[in-house]
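Visitor: I would like to learn how to read a protein model, feature by feature. Could you take me through one?

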Amino acid sequence: MLWVSLLLKRPACFLRVVGSRSFPHLRLTSAALLPASHPRPAPLLLLRPLLPEVGFLSHRRSFKKDLKSTVDLPVTPVNVTDIKHYLRSKNIPFHDGYSCLHTPSVFRPGSEGAEKGGYTLFIDKTTGQFLCTETLVEGSWEDLQDCVEVMQNEGRESLSPGVLLGYSESEEEQGERALECSEVQRIWASSVPLSDLPDEEETHLVKTMFGIGKISSLTLKKFGVRFFKPTKSLVFPWLSGRDSSLRGLKLLTAQCLGDGKVVYTEATLPRPAAFHNLFGLHLVARKDSEVVLTGREVDTLAVNQATGLPSLALPRGVSCLPPVLLPYLEQFKKVTLWLGGDMRSWEASKLFSRKLGLKRCSLVRPGDTQPCPSDALAAGKSLGRILKTAIPAAHKSIVSFRQLREDVYGELANKEQVAGVKWARFPELNKILKGHRKGELTVFTGPTGSGKTTFISECALDLCMQGVSTLWGSFEINNVRLAKIMLTQFAMQRLEDSLDQYDTWADKFEDLPLYFMTFHGQQNIRTVLDTMHHAVYVYDISHVVIDNLQFMMGQENLSVDKFAMQDHIIGAFRKFATNSNCHVTLIIHPRKEEDDKDLQTASIFGSAKASQEADNVLILQEKKLVSCPGRRALQVAKNRFDGDVGIFPLEFQKTSLTFSPPLSKAKLRKVKAEETQQAEKSAKVPRAEKGEKTVKTEKVPKAEKGVRSKPPGEPGGVK
């Protein structure tokens with residue numbers, strides 16, 4: 001079967017480990033408008049996902065159009081005031097919602113919808129992107145303006161949904177889409193409700209394996225949960241809120257490891273890039289004004305069964321809340337976010353509440369007494385009481401320690417999670433920095449040609465593989481070359497020598513939450529910051545890499561002192577990191593130093609503001625006069641989190657373009673030599689000496705307890 005073959009041969013295309021961040025994919029939301037003669041402004045900037053633009057690998061490969069992997073940013077900054085002014089000037093009625101403006105849709109015939117309150121077109125206040133929930137037409141603010149102009153100039157009451165045309169798909173892409181749709185229907189038809197399993201023992205085993213023993217068959221049937229026997233997976237359907245039609249599936253598979261642990265993996269069809277939906281949306285009624293958002297489907301089942309409240313599961317868990325989903329949440333006056341029971345879920349709750357509107361959001365604080373909903377139900381806790389303890393997402397001010405008390409306790413009780421995401425490839429860095437934390441500014445420097453970009457790309461890739469959404473701003477080298485470096489580091493091999501494996505690694509690599517700014521060369525800081533803010537809102541970026549600071553200074557006023565300008569730019573990045581709760585890694589070239597001297601914090605180019613504002617200062621040391629292994633080392637010169645600093649060696653592997661901090665070969669040989677000498681000495685010790693050794697290790701008699709036994713040669717010692 002196709003699904004089984006995909007699951008076995010290419011699991012990385014669909015699967016991810018539960019608990020890690022799901023990988024956001026870029027979705028095309030803007031399109032060209034007919035007629036083609038209508039003037040359209042050129043896009044200012046493009047954000048691209050990570051598929052390299054390579055067209056020379058093999059004649060056997062077919063390539064997708066590059067435009068399919070781009071998203072148009074607004075030509076001019078869009079704000080809600082301008083949007084409202086335009087709608088009023090065109091006599092278009094609208095309601096002011098929490099995160100969107102509601103207007104009658106222009107993509108359906110007739111205007112009776114406005115009289116009945118059918119405001120089904122939603123305009124995002126931040127980006128201007130629109131979505132018609134009735135026809136599922138979506139696009140940019142410029143697209144909507146073009147539609148309104150065409151409609152009013154031609155005297156029409158509405159437009160056909162087909163007036164907006166996307167980029168045409170290739171035959172290969174059309175085949176893939178048709179294959180996915182048929183696979184969704186086939187899996188859904190082949191799966192069965194849990195209540196219809198013939199063996200009660202098998203039903204009990206399945207519920208136990210997936211932790212839904214307390215979920216009733218009635219709840220499972222209401223949400224449409226089924227069981228797919230070929231892969232032993234739970235099937236969660238994504239059903240349309242309009243007509244409950246099947247739009248997609250998420251499969252949850254459990255696998256037992258040798259040590260008795262169970263690892264859960266998720267699979268989505270269609271792939272996340274093709275569809276966004278909320279599990280449980282078809283059960284929401286128009287009159288519902290309160291909802292509980294969860295990070296997992298099993299948590300949604302638990303909340304709805306225990307409280308009866310409408311509950312929805314985010315398709316990507318705690319990793320991302322796509323803005324395209326916000327219109328479906330506009331009807332709720334109260335939104336409670338209960339995304340999990342760890343600190344990562346807590347951080348995501350605070351981030352998502354900004355998109356949803358702080359005034360209507362409440363957050364369930366994780367803790368031992370307030371785990372995730374499914375665990376709370378299994379433990380017999382009252383989910384209704386836990387929801388009543390949810391705290392408002394917004395407050396006017398902090399007036400005393402009372403408001404901070406629970407936050408302080410949360411950091412003390414979860415010190416490992418507070419320390420941040422751990423590096424998998426750099427354990428020595430974990431020992432010093434403890435982890436990668438949001439809201440911090442890291443300054444990274446090193447000699448010219450020492451491998452700063454190569455090292456920081458692997459460091460960011462390590463975090464990205466663990467679900468940290470990353471935005472790269474590479475101004476020194478172009479994105480194609482940087483993507484090639486990171487893909488080589490990801491595959492840990494030279495793909496030039498094995499081009500037949502390129503598609504396999506590229507498919508896995510494409511699933512990473514990694515995005516590029518298409519800047520190159522000198523750029524204005526305002527433009528870069530606008531792009532960073534847009535990426536944080538749309539893709540929930542939590543790590544931004546800027547390579548490097550010197551390219552930010554070329555477009556500024558030449559009459560301003562360069563050191564003052566650098567201080568201004570560093571201050572802007574510091575403010576962005578704090579306000580957006582996003583980690584910013586800033587690469588800065590050092591001053592010119594002599595080759596035989598190590599770099600210091602004072603070696604960073606510019607004034608002392610860079611090291612003062614930074615939470616972490618990393619220095620890539622290189623001994624240029626040495627050619628043997630161990631010539632490079634990473635020094636942590638500043639660590640504001642707990643003050644630990646240190647240095648450890650790095651070894652560059654040219655074949656994989658990676659750095660690794662193993663023990664040096666000389667040190668390993670020294671340890672082995674000492675162990676060999678110790679073994680030889682032990683073999684030559686006479687039996688009499690061994691007897692003396694036994695005397696020295698005899699236990700002290702009870703009468704002499706508390707008296708320290710002295711070694712031979714000392715007064716009172718054993719001879």
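Guide: What follows is a short tour of selected features.

Guide: This is a predicted model: local features need pLDDT of at least 70, side-chain atom pairs count only at pLDDT 80 or more, and totals for chains, interfaces and linings use all residues. Residues are numbered from 1 along each chain as its sequence is written, and side-chain values use heavy atoms, with hydrogens and water left out.

Visitor: How many helices and strands does the protein have?

Guide: Helices (H or I, at least four residues) and strands (E, at least two) are DSSP runs, numbered from the N terminus. Here there are 22 helices and 29 strands.

Visitor: What share of the residues is buried?

Guide: Buried means under 20% relative accessible area, exposed over 50%, and partly exposed in between (1.4 Å probe, protein chains only). Of the 719 residues in the protein, 48% are buried. Take helix α8 (residues 297-307) as a local case: 8 of its 11 residues are buried. Among them are Glu297, Asp299 and Asn304. Just after α8 comes Gly308, with a positive phi of about 80°.

Visitor: What share of the contacts links residues 24 or more positions apart?

Guide: Contact means heavy atoms within 4.5 Å. Count the contacts with a separation of 6 or more: residues 24 or more positions apart account for 67% of them.

Visitor: How do I read a pair of packed helices, such as α18 and α19?

Guide: Two packed helices are described by the angle between their axes and the distance between the axes. Axes are lines fitted to C-alpha atoms, for helices over the stretch in contact, and angles run from 0 to 180 degrees between N-to-C directions. Helix α18 (residues 525-539) and helix α19 (residues 562-580) have axes that come within 11 Å and cross at roughly 10°. That makes α18 roughly parallel to α19. Angles under 35 degrees count as roughly parallel, over 145 as roughly antiparallel, 65 to 115 as roughly perpendicular and the rest as oblique. On the α18 side, the contact is made by Ile525, Leu529, Met532, His533 and Val536. On the α19 side, Ile569, Ala572, Phe573, Phe576 and Ser580 make the contact.

Visitor: How many aromatic pairs are there in the whole structure?

Guide: Rings of Phe, Tyr and Trp (its six-membered ring) pair if their centres lie within 6.5 Å; planes under 30 degrees apart count as stacked, over 60 as edge-to-face and the rest as tilted. The search finds 14 aromatic pairs. In one of them, the ring centres of Phe210 and Tyr264 are 6.2 Å apart and the planes stand at 45°, so the pair is tilted. Phe210 is in the loop between α6 (200-209) and α7 (217-223), and Tyr264 is in strand β15 (residues 262-269), 54 residues apart. Phe210 is buried, at 7% relative accessible area, whereas Tyr264 is partly exposed, at 26%. Elsewhere, ring pairs link Phe426, Phe444, Phe455, Phe652 and Phe659 into a cluster.

Visitor: Which charged residues lie over the rings of Trp188 and Tyr537?

Guide: A charge sits over a ring if NZ of Lys or CZ of Arg is within 6 Å of the ring centre and within 35 degrees of the ring normal. Arg226 lies over the face of Trp188, 3.8 Å from the ring centre. Lys355 has its charged end over the ring of Tyr537, 5.4 Å from the centre.

Visitor: What does the side chain of Asn639 reach?

Guide: A polar contact is a pair of N or O atoms within 3.5 Å; within protein, one must be able to donate a hydrogen and the other to accept it, and residues adjacent in sequence count only if both atoms are side-chain atoms. Asn639 is in strand β27 (residues 632-639) and is buried, at 5% relative accessibility. Its side chain reaches the backbone oxygen of Ile432 at 3.0 Å. A polar atom of the Asn639 side chain also lies 3.1 Å from the backbone nitrogen of Phe641.
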